[in-house]
Amino acid sequence: MPNDTTRSQSTSVRRPRSVRLAARARATAALFGALTAVGSAQAVLHVDADLTTGANDGSSWVDAYQGSAGLHLALAAAAPGDEIWLKVGTYRPSATPDVSARFVLDTDDVALRGGFEGTELSPLERVLDPGRETVLSGDLLGNDDGTPSSSADNSARVLDVAANGPVLEDLRITAGGNETFGYSLSVVRNFGAPATRGARIRRCVLDEGVGSGAAISSNGFTWNDTTTKVVDCTFRANAGNGLAMFSRERGIEVDRCWTVDNGGDGLVLTTNDFGPPVSNVVSARNGGRGIVVQFVDSEGFGGTGFDHCTVAFNGGYAIEVDCTTCFAAITRFESSIARGNNGGLIQFSNGGSNASLPSVINSLVQGVPGADADPRFLDPANGDYRPGPGSPAIDAVALPDGIPFDAARQYRAVDVAGVGAPGSESDLGALESTGTVGRHDECTSVPNSTGSPGRLFARGSDVATDNDLSLAADRLPANRFGMLLASRQRGFAPGVGGLGALCLGGAIGRFNGPGQILPTSAAGVFVLPVDLTALPQPSSFVAVQPGETWRFQLWHRDVPGPSQFSGVVTVAFR
């Protein structure tokens, strides 16, 4: 990165240093993406929902497999280690009302990734605009209007996965189930005897199913590669349950997920003996219970823990535990909120001869003496379950507990000045109360001389025309210069300009104008207001447009040692 001097972007014949650095970063990111693809995948199979030209062999975006039939071809052609990249658009298992039609992935270690625009050479280049989705739809005729007759011809299941080690990423799986086969929107099966590698399901939306959102079966035994992990997913407005998961012992984990507005239960976890860890889950406004834990062998040994969860306004109990003999307290309810459910915190069914109430730790739980306090949700009627002004949930946990992001991918442990005990930073429940905007990417940033990686926040408004946005970073070394970077695209280039990784791709602009390269304060804080009408790019300045997504990262000096990168904040502007 450049010397810590303030200068405007060069307009000389020689390419400006910003352009050369950006080109270097793009080349490094492309090389890293290529090396990643070579190391982890035998082939990349491209699929385009709307393409009608080319070789239809999946070898490139130009010759991608074509349409929904092309997705069937890609799934059948995939070998272990391959990746299937899906361009944004809609894919239906059949063009005729065949309720048995479904997409099937039955090859081990295949990644099915959505969100591509059709130009990318690496998944890291995806912008992942929420307004442009890769949709797998069970509405075969495109005629669903909310009536039972219109969904009677839907696919009973949209996607079946019967393989070890699958990756499902950035997909919307919708409109599965029908009146005859009201089973589920998507059944994702991780079969094995036992499974040797668990599924990874990230940033997926499963919604508007006539049945349940998803049923996931994992036969893993321990918390290792066999564990199926569901992260950053939403299960919404399904007629049945939101998400149902089965594991043989400790085979599943759920983090940063939403199960809301489903007709049945929000989250159903079925296990033989040991319950799975659940964190940062919002289970709200479901017709049934918020969370159900079932022990099929009737012997619950404990271990199910709920950390930073919000279970609110469900038609049944917040949590129901189903077992006949429970050898220990089944659940731990920690740093969480249970409010407005039609019942108490927990109910034990089928006897529960040795059952006991969970340990309620640092939580707000309606009906539990000493913990019954109103969290003062900001706007629960419209799904905003952040604790509002004056909430006892704000800054209620003294120390960070190893869960860095909340359900909205905001940083946890962000202090609200003047609230809570000294040193208390993290809020109770699944959502932080901070006034930040945007989401935080999990980027490979390494600790600087403070012992922690730098954190970058966006504060103000995400409405582009408001032009009211500031970027602030903390946990930085004192009195060291920093410079902000901006791009529309993701990236990953380790060791470019410092320790950690440059996590921006494409055209990368530098805030290196007058007064923009600034020293950190004595407290290690960097703050810069951003002019959204003139974001820097390598050879010009551009105005942010509504609907655009921008990513920001801070490069900063350190002492002693080389320069560093902060984490990344992503803002989808309205």
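1. His46 lies in strand S1, which spans residues 44-48. In this predicted model, His46 counts as buried because its relative accessibility is 8%. The side chain of His46 reaches the backbone nitrogen of Ser60 at 3.4 Å. Leaving out residues up to four places away in sequence, His46 touches Gly58, Ser59, Ser60, Trp61, Ala64, Tyr65 and Trp85.

2. Glu83 belongs to strand S3, residues 83-87. With a relative accessibility of 10%, Glu83 also counts as buried. Its side chain takes part in two polar contacts: one of 2.9 Å with the side chain of Trp85, and one of 2.9 Å with the side chain of Arg113. Trp85 is also among the residues that His46 touches.

3. Ile84 is one of the residues with the most contacts inside the largest nonpolar core, which has 55 residues. Beyond its neighbours within four places in sequence, Ile84 is in contact with Leu45, Val47, Leu71, Ala74, Leu75, Ala78, Val110, Ala111, Leu112 and Arg113. Apart from this core lies another, of 24 residues, including Ala464, Ala486, Leu532 and Phe573. In soluble globular proteins, nonpolar side chains tend to be buried together.

4. Helix H2 covers residues 67-77, and Gly67, Gly70, Leu71, Ala74 and Leu75 are buried in it. These residues are on the same side of H2 because they cover an arc of only 140° around the axis. Ala69 and Ala76, on the other side of H2, are exposed. Among the buried residues of H2, Leu71, Ala74 and Leu75 are in contact with Ile84.

5. The structure holds 0 disulfides. Cys233 counts as buried, at 0% relative accessibility. Cys257 counts as buried as well, at 1% relative accessibility.

6. For the chain as a whole, there are 3 helices and 49 strands. Of its 574 residues, 55% count as buried. Among contacts between residues at least 6 apart in sequence, 72% join residues at least 24 apart.

7. The mean pLDDT of the chain is 82, and 79% of the residues reach 70 or more. Over residues 1-41, however, the pLDDT is below 50, although this stretch has 67 contacts in the model beyond near neighbours in sequence. Residues 220-224 also stay under 50, and the model has 18 contacts for them beyond four places in sequence. Where pLDDT is low, the predicted coordinates should not be read in detail.

Notes: Residues numbered from 1 in each chain as written. Predicted model: local features only at pLDDT ≥ 70, side-chain atom pairs only at ≥ 80, totals over all residues. Heavy atoms only, no water. Core = buried A, V, L, I, M, F, W, Y, C linked by side-chain atoms within 4.5 Å. Buried < 20%, exposed > 50% of the residue type's maximum accessible area, 1.4 Å probe, protein only. Contact = heavy atoms within 4.5 Å. Disulfide = S-S within 2.5 Å. pLDDT = per-residue confidence, 0-100. Helix = DSSP H or I, 4+ residues; strand = E, 2+ residues; numbered from the N terminus. Arc of directions from axis to C-beta. Polar contact = N/O pair within 3.5 Å; in protein donor to acceptor, adjacent residues only side chain to side chain.
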